[in-house]
Amino acid sequence: MEPVAIVQGTAVPLDRSDVDTDQIIPSDWLKRVERTGFEKGLFSEWRDGEDFVLNNEEYAGANILLGGPNFGTGSSREHAVWAIQQYGFAAVISPRFGPIFKNNSTKNGLVPVEVDTATAETLMAAVQADPTLEITIDVERATIEAPAIGLASTFDLSESIRHRLLNGLDDIGITMQQVDKIGSFEGSRPSYMA
Amino acid sequence: MSEETTGPKTNIENGPRTIIEKVWDRHVVHAAEGEPSLLYIDLHLVHEVTSPQAFDGLRLTNRPIRRPELTVATEDHNVPTADIDQPIADPVSKAQVDTLRKNCDEFGVKLYSMGDINQGIVHVIGPELGLTQPGMTVVCGDSHTSTHGAFGALAFGIGTSEVEHVLATQTLQQSAQETMAITVNGELPEGSTAKDVVLAILGAADTGGGIGAIAEFRGPVIEALSMEGRMTVCNMSIEFGAKAGMIAPDDTTFEYLKGRPNAPSGAEWDAAVADWKTLRSDEGATYDREIIIDGADIVPYMTWGTNPGQVLPISADVPDPASFEDPGASDAAARALEYMGLTAGTPLKDVPVDTVFIGSCTNSRIEDLRAAAAVAKGRKVKDGMRTLVVPGSGLVKKQAEEEGLHTIFIEAGFDWREPGCSMCLAMNPDKLAPGERSASTSNRNFEGRQGRGGRTHLVSPAVAAATAIAGTFATPADLD
Ligand code: SF4
């Protein structure tokens, strides 16, 4: 996966709570055999509605998804993260994530920004009022800033997850740090095992 | 947390170890405080359902398969078992099979396709081709990978992202599991089979009794089982929640393996056997959990409900939900009876059956077909009964035909099919209709498992065959 240090841009305000992974990517999409193309399935049940926020021209080109509380609860499907990323989002902000979704996010390089409720509400109102509001998420420092409204806050990011994101290490990447040990282990396997 | 890092919990340096710990310890590539261990994987089996996105993930990240020669693929989960020379009708099934073929071709993985003599259910072909060997780690994107534990291998199912991880690194990050000993003492009564042994274990352990554990099956009854029987037992480890089940290898194991295409040969064979003989739990090794069963109590069993732990002897009556002490079990029984369309107090032997399925990675090997054929011989399937006999692989089918088993089945009125998973999970056209009742030699009786609204009862091959003839649940002895 790609390393991510700074996410800078505008946000789409998805002002709903308890958006579960079934809503992020409906189960019909799970039959696919590819890892890509899930952007079309993102919120597909809602996107038919004209006034759904993702259809609002003013938010076109945003790279941050601003969600409500309990974002990404429900089934463990990793496809939810793929859909959000493939649509073009690099970070998701919420006051509380479903734990599996959050874990899946970091494994795929999508930055989960879990902020306090006050910050979340301030941001939601500000982005709804001004779609061009510039937001900066700094992974190294675990900070989120929106200078135009004087917002500067921090979020929780464990050392190991920060390391993963900054270095672009997925699970395979982490394991491949031990590639020398894997190689020497292979050299020691019994010959009858081929 | 240090015990988290060095393998199954009871591992003490130089102390007595179980076979579970011995095999685990042999495969630790890297262990660090507070992290899962990195285990080397000796054999990775792949099928069409859980692999496509793993291959696609490799493509996206430009990663090769580290050891393609330790990876073997087959088409099984949704291949049709009739008219296999025709294109697959279902578009999702067809896409999955086509994608597997394309991926194996691109990444250089050996694939056994529909129609190939070596094709079959992934957990049948691994052992049959001698790929599965004692002391190995074996993984596959399928929960019944535990089957391979019958050889003293540490074998378990993994998810799609883990499939990608194994393809790329030939390793897996694994947290420690508890160990569990399941001892079956004494001797089986005449007429009881390996399937009855595992159904008895399920009844004793319940569906959650093995959660978080790796089980070792041991004791005289287990040692007396053939390899086919041991595979039947290990296959259903996951049904009581265990991640894996293992049986220490012995002469029965070595005899089965000797001469198989991928088994070691010559001097390598002798070296391998000498090594495999060390794969036994040491005297004094301890387990975190233990179940002891007396083999003499094991009679032909069947499931009556909607989870594999809801088992009773075939001679019993449908249970009364009120008779369960635990309120949760009582509620579950009431729900199960409603779904299954059964009334408390009815003798199970009076319950009429619509479909008999003999197959699946639990019971589709040559010995299973022999057991069923012995019952079918010279008899006739009940009028109106639908029957499917689905061999586990092309090789099983060929062997059965050489022995004339197919003629016995066909003359008795059974439908003789091509290899695959078939009605075990009904991803192909072999399904139950709503309300239809099956006697099935497979491993899961969940609601809808064999088709929406279908009612599944798990039984042994001999009981399945006897039931096909009687029209209601029956043991072979009931036919005389
Ligand atoms: S036969 Fe059934 S349980 Fe076995 S691998 Fe196929 S679908 Fe899974």
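Predicted model: local features only at pLDDT ≥ 70, side-chain atom pairs only at ≥ 80, totals over all residues.
Which residues does B:R63 touch, once its neighbours within four places in sequence are left aside? From chain A, the contacts are A:D170, A:I172 and A:G173. From chain B, they are B:L58, B:F107 and B:A168. For a sense of distance along the chain and through space, take B:G15: B:R63 and B:G15 are 48 residues apart in sequence, and their C-alpha atoms are 41 Å apart.

The table sets them side by side.

| Helix pair | Residues | Angle | Axis separation |
|---|---|---|---|
| α6(B) and α8(B) | 194–205 and 227–235 | about 25 degrees | 8 Å |
| α12(B) and α13(B) | 366–376 and 394–402 | about 40 degrees | 9 Å |

Let us take α6(B) and α8(B) to begin with. Their angle of about 25 degrees falls under 35 degrees, so the two helices are roughly parallel to each other. The crossing of α6(B) and α8(B) is right-handed. On the α6(B) side, the contact is made by B:A194, B:K195, B:V197, B:V198 and B:I201, while α8(B) supplies B:G229, B:T232 and B:V233.

How do α12(B) and α13(B) pack, and at what angle? They meet at about 40 degrees, with their axes 9 Å apart, and that angle makes α12(B) oblique to α13(B). Here, too, the crossing is right-handed. Helix α12(B) brings B:I366, B:L369 and B:R370 to the contact, and α13(B) brings B:V396, B:Q399 and B:A400. Four of the contact residues are nonpolar, one is polar and one is charged.

Now for the cysteines. How many disulfides does the structure hold over all chains? The count is zero. B:C140 is one cysteine to look at: the nearest cysteine sulfur belongs to B:C361 and is 9.7 Å away. A disulfide needs the two sulfur atoms within 2.5 Å, so B:C140 is in no disulfide. B:C140 is buried, at 0% relative accessibility. B:C361 is buried as well, with a relative accessible area of 7%.

Finally, chain A has two backbone details to look at. A:F43 is a residue other than glycine, yet its phi is positive, near 50 degrees. This phenylalanine lies in the loop between α1 (21–24) and α2 (44–47) of chain A. Is A:F43 buried or exposed? With a relative accessible area of 0%, A:F43 is buried.

A:A142 is also a residue other than glycine with a positive phi, in this case near 55 degrees. You will find A:A142 in the loop of chain A between strands β6 (135–138) and β7 (143–146). A:A142 has a relative accessible area of 5%, so this alanine counts as buried.

Conventions. Residues numbered from 1 in each chain as written. Chains lettered and ligands numbered in written order. Heavy atoms only, no water. Axes fitted to C-alpha atoms, helices over the stretch in contact; angles between N-to-C directions. Helix = DSSP H or I, 4+ residues; strand = E, 2+ residues; numbered from the N terminus. Parallel < 35°, antiparallel > 145°, perpendicular 65-115°, else oblique. Left-handed = near helix turned anticlockwise from the far one by under 90°. Contact = heavy atoms within 4.5 Å. Nonpolar A, V, L, I, M, F, W, Y, C, P; charged D, E, K, R; others polar. Buried < 20%, exposed > 50% of the residue type's maximum accessible area, 1.4 Å probe, protein only.
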